[in-house]
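Reader: I'm new to this one. Can you walk me through a few parts of it?
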Amino acid sequence: MLQKTYEPWEVEEKWSKWWVDRKIFHSEVDYAKKPFSVVIPPPNVTGSLHMGHALNVTIQDIVVRMKKMQGFNVMWLPGTDHAGIATQNVVERSLASQGIDRRDIGRDRFIEEVWKWKEQYGNTIINQLKRLGVSCDWDRLRFTMDDGLSRAVKEVFVKLYKEGLIYRDKYIVNWCPRCHTALSDIEVEYEEEDSILYYVKYPFVDGSGYVVVATVRPETILGDVAVAVHPRDERYRDLIGKRVKVPLAEREVEIIEDNYVDPSFGTGALKITPAHDPNDFLIAERHSLPKISILTSDAKMSAETGEYAGLDRFEARKVIVEDLYNSGLMEKEEPYKHAVGRCYRCKTVVEPYLSEQWFVKVRPLADMAVKVVKDEKVKFYPEYWKKIYYEWMNNIRDWCISRQIWWGHRIPVWYCENCGHLNVSTEEPVVCEKCGSKNLRRDEDVLDTWFSSALWPFSTLGWPDDTDDLRYYYPTSLLVTGFDILFFWVARMIMMGTKFMGKEPFRDVYIHALVRDEKGKKMSKSYGNVIDPLDMIKEVGADALRFTLAYLAIQGRDIKLSKDRIKTSRNFMNKLWNAARFVLSQLERYNYDEGGLKLDIADRWILSRLQKAIEKETELFESYSLGEAVRVVYNFVWKEYCDWYLEIAKVTLYNSDDEERVNTVRTVLREILKDILKMLHPVVPFVTEEIWHHLETADNSIVNERWPVSDKNLISEEVEEKFSAFQEIVRMVRNIRAEMSVPPNKDVSVYIRTGEDISVYLPYLKRLAKIGNLYWGEDINRPPQSAAGVTSSVEVFVELKGVVDFEKETDRLKKSIAKIEKELSAIQGRLNNKGFLENASPDVIEEHRNRFEELKQKLNRLKDNLDAINVR
């Protein structure tokens with residue numbers, strides 16, 4: 001028998017270990033079965049479970065468990081990402097706390113330290129995922145730096161290089177001075193910040209005056225190589241070709257024309273600093289201008305800047321602004337807001353920086369990736385993400401893949417120090433392939449973390465070898481991810497998959513929304529509104545957390561989450577637990593011999609409702625409408641099975657002498673509970689597994705049971721209509737009892753005027769509505785001192801004499817009426833106030849109107865109740 005109260009911690013720990021020990025989720029190639037494969041978005045090896053992870057893996061786990069129950073050969077592959085910059089930063093800080101600098105111990109020793117750290121802490125998030133109930137095939141655990149994936153990375157790099165799709169060039173990149181590495185465009189986070197726009201005079205060389213240029217970065221003036229104006233800007237037409245002096249730098253430059261210049265920004269004259277602005281770089285390329293770097297890799301002023309050399313960029317800005325004022329070259333300054341880019345890892349302000357980097361020429365890859373989506377070989381859920389995907393892919397820039405750090409896949413390129421040839425190979429060369437020299441130097445850079453992640457769907461299945469796993473499980477069936485890595489990862493996987501496998505890497509892409517706080521605000525440590533999933537698991541259990549996230553997972557809508565909402569879900573676990581305890585207690589005396597069931601209207605009703613719930617939940621799950629699907633089964637379990645059928649069943653179980661009827665009810669209770677457990681298992685796996693093992697004697701996981709299939713022969717609209725009429729009567733009597741303050745322990749006499757035959761549910765009616773005497777028929781008259789209610793098919797009268805203290809009730813009703821009339825008057829006053837209507841938001845006005853109508857209806861009911869007891 002189940003324990004009296006549900007203790008999730010004991011149950012969850014037991015089954016989490018049992019699933020892993022029994023290899024319940026292990027998958028092998030089996031061509032007799034249809035595969036359903038998923039690769040987990042590999043969390044960073046440095047990571048700890050946060051609410052975004054919890055949502056992501058809960059969604060995957062729901063789909064995976066359901067598909068397994070539908071008979072698919074399910075393979076969900078887990079793994080972690082080596083997270084180059086993030087991991088290097090973590091280990092650097094760890095070493096620094098011991099007084100060790102990575103540069104002192106050298107690259108090889110530092111890499112050893114990273115691997116040690118990974119072995120000690122790298123499985124933290126994996127263990128947390130298991131705690132949440134994630135049903136991965138843990139025998140297949142992969143890491144983006146393991147030997148197999150490293151081999152795949154080198155193979156891809158070499159093939160792309162030999163096809164001319166990887167190249168090395170000097171280019172403006174996003175540079176993080178803190179991490180000392182280049183960042184791709186999507187690794188830079190932009191936020192509006194307050195700044196200053198400086199208006200600086202550039203004197204004409206001939207002494208005839210000056211042109212004013214506006215800039216937010218006066219320290220970069222020292223790298224200017226031209227001033228540009230728009231060719232159709234009448235203000236500057238006569239100045240094109242004229243030469244000016246760069247302020248504070250003894251350099252003469254020319255005023256040039258270029259269509260890029262925006263005449264409305266600043267003065268319409270633009271300083272051109274090719275080494276420190278990507279747009280200026282392109283202008284310089286068009287006009288064959290030199291490129292002068294005035295910053296070092298750690299964002300200090302370079303030797304090119306003379307007396308400013310060695311100053312930090314922001315300190316240099318202050319000094320240069322002061323010098324411009326002292327030289328009479330600063331015309332004015334004004335407040336200015338603009339987007340400032342920061343490193344997504346350390347939040348340092350990023351610098352556009354000219355350096356030699358490795359790039360992937362993505363246009364040919366992007367074209368293939370767009371085609372598979374247009375051909376609907378890859379489908380997005382929600383569908384509107386497809387349009388955003390197209391927009392980004394159509395405007396994509398070449399991908400900078402080199403990073404100036406030590407931890408990661410080192411670029412497989414060796415430079416010949418004798419002839420300068422680049423040896424690009426999957427294996428370390430002994431001699432230069434061109435001149436035979438042994439004097440080779442390996443490239444110092446590593447690949448962008450997302451390069452190896454882009455190969456994840458096929459590299460984890462054995463590529464570049466032609467493996468059984470690759471042939472059977474690829475393309476994978478589903479990818480679940482957040483929209484924030486749609487371009488970091490999803491688009492690149494599609495590019496690499498179509499390029500190297502000739503097929504899309506997955507068929508469906510489900511993009512879930514963000515988890516925000518209850519007010520819709522982004523969760524952030526700085527805001528103090530972060531909800532830790534591990535804390536919630538300790539407090540209310542993993543099932544309650546999973547249920548909450550799934551219930552709120554509506555496509556295209558961010559989740560507004562609160563601790564109270566998660567705690568409320570614990571109530572549902574308790575409801576399910578208590579219902580199961582009741583059913584199991586009845587089955588202890590279960591001795592029904594199969595040979596037919598003696599079903600009545602309540603049995604037929606619940607069986608009909610179950611079939612509809614199964615059909616609807618399955619349909620919604622198949623379209624990834626998870627929140628809606630969970631609501632279907634929740635409403636069935638709580639509002640129909642527990643609130644109605646269990647209470648009705650008790651009438652038969654506790655009062656009937658008909659053994660056939662009693663055992664029929666026990667059979668229905670048992671069979672429906674089995675289907676409920678199956679329907680709920682993907683969402684709340686722990687509690688359902690526990691109950692299942694008390695319900696079934698076989699030592700098998702519920703996930704190996706078949707998913708319920710709706711039996712249309714059990715659906716009856718006629719039965720549901722009749723039962724709905726019964727429910728309306730019960731609700732009406734209950735409402736009257738509540739409104740008239742009838743004590744819960746007192747039965748009432750009820751008169752029902754109806755032409756329908758309600759005898760089929762009379763016993764249930766009396767029990768559920770606490771009715772003593774019940775009279776019904778077409779000629780029923782309303783008794784004196786009674787409250788009335790009307791449903792769609794009957795009139796209900798509840799006799800109040802003897803069960804209500806009329807004097808006290810009259811006093812209570814009059815006070816309630818007075819209070820409501822006062823509130824109605826206040827609301828009416830606001831709604832008649834022109835100033836309120838003009839200044840209040842539409843939502844607030846609508847809220848007032850709804851409240852007014854609600855109070856009017858309540859007032860009418862209270863007045864009717866006063867009339868009912870004949871007291872004025």
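Author: We'll take a helix pair, then a sheet, a hairpin and a salt bridge.
Author: This is a predicted model, where local features need pLDDT of at least 70 and side-chain atom pairs count only at pLDDT 80 or more, while totals for chains, interfaces and linings use all residues. Residues are numbered from 1 along each chain as its sequence is written, and side-chain values use heavy atoms, with hydrogens and water left out.

Reader: Helices, then. At what angle do helix 20 and helix 24 cross?
Author: Roughly 115 degrees, with the axes of helix 20 (residues 626–655) and helix 24 (residues 762–769) coming within 10 Å. Axes are lines fitted to C-alpha atoms, for helices over the stretch in contact, and angles run from 0 to 180 degrees between N-to-C directions. Helices (H or I, at least four residues) and strands (E, at least two) are DSSP runs, numbered from the N terminus.

Reader: Which residues meet there?
Author: From helix 20, Trp644, Glu647, Ile648, Lys650, Val651, Thr652 and Tyr654; from helix 24, Pro763, Tyr764, Arg767 and Leu768. Contact means heavy atoms within 4.5 Å.

Reader: New topic. What is the strand order in the open sheet of 3 strands?
Author: 19-18-20, with antiparallel pairing. Two strands pair if DSSP finds at least two bridges between them.

Reader: Which strands stand at the edges?
Author: Strand 19 (422–424) and strand 20 (440–442). Each has a single partner strand, so one side of each lacks a neighbour in the sheet. The twist averages 30 degrees from one strand to the next.

Reader: What packs on that sheet?
Author: Helix 7 (residues 147–162), which touches strand 18 and strand 19. The direction of helix 7 makes about 130 degrees with that of strand 19.

Reader: And how do strand 18 and strand 19 pair?
Author: Strand 18 (residues 413–416) is antiparallel to strand 19, over 3 bridges. Trp414 has Asn423 in strand 19 as its bridge partner.

Reader: Now the hairpin. How many residues join strand 28 to strand 29?
Author: The hairpin goes through 4 residues. Strand 28 (residues 786–790) and strand 29 (residues 795–799) run antiparallel, joined by 5 bridges. Val790 is partnered with Glu795 in strand 29.

Reader: Last one. How many salt bridges does the structure hold?
Author: 68. A salt bridge is a side-chain nitrogen of Lys or Arg within 4 Å of a carboxyl oxygen of Asp or Glu.

Reader: What does Glu92 form a salt bridge with?
Author: Arg102, and their closest N and O atoms are 3.0 Å apart. Glu92 is in helix 3 (residues 84–96) and Arg102 in helix 4 (residues 102–105), 10 residues apart.
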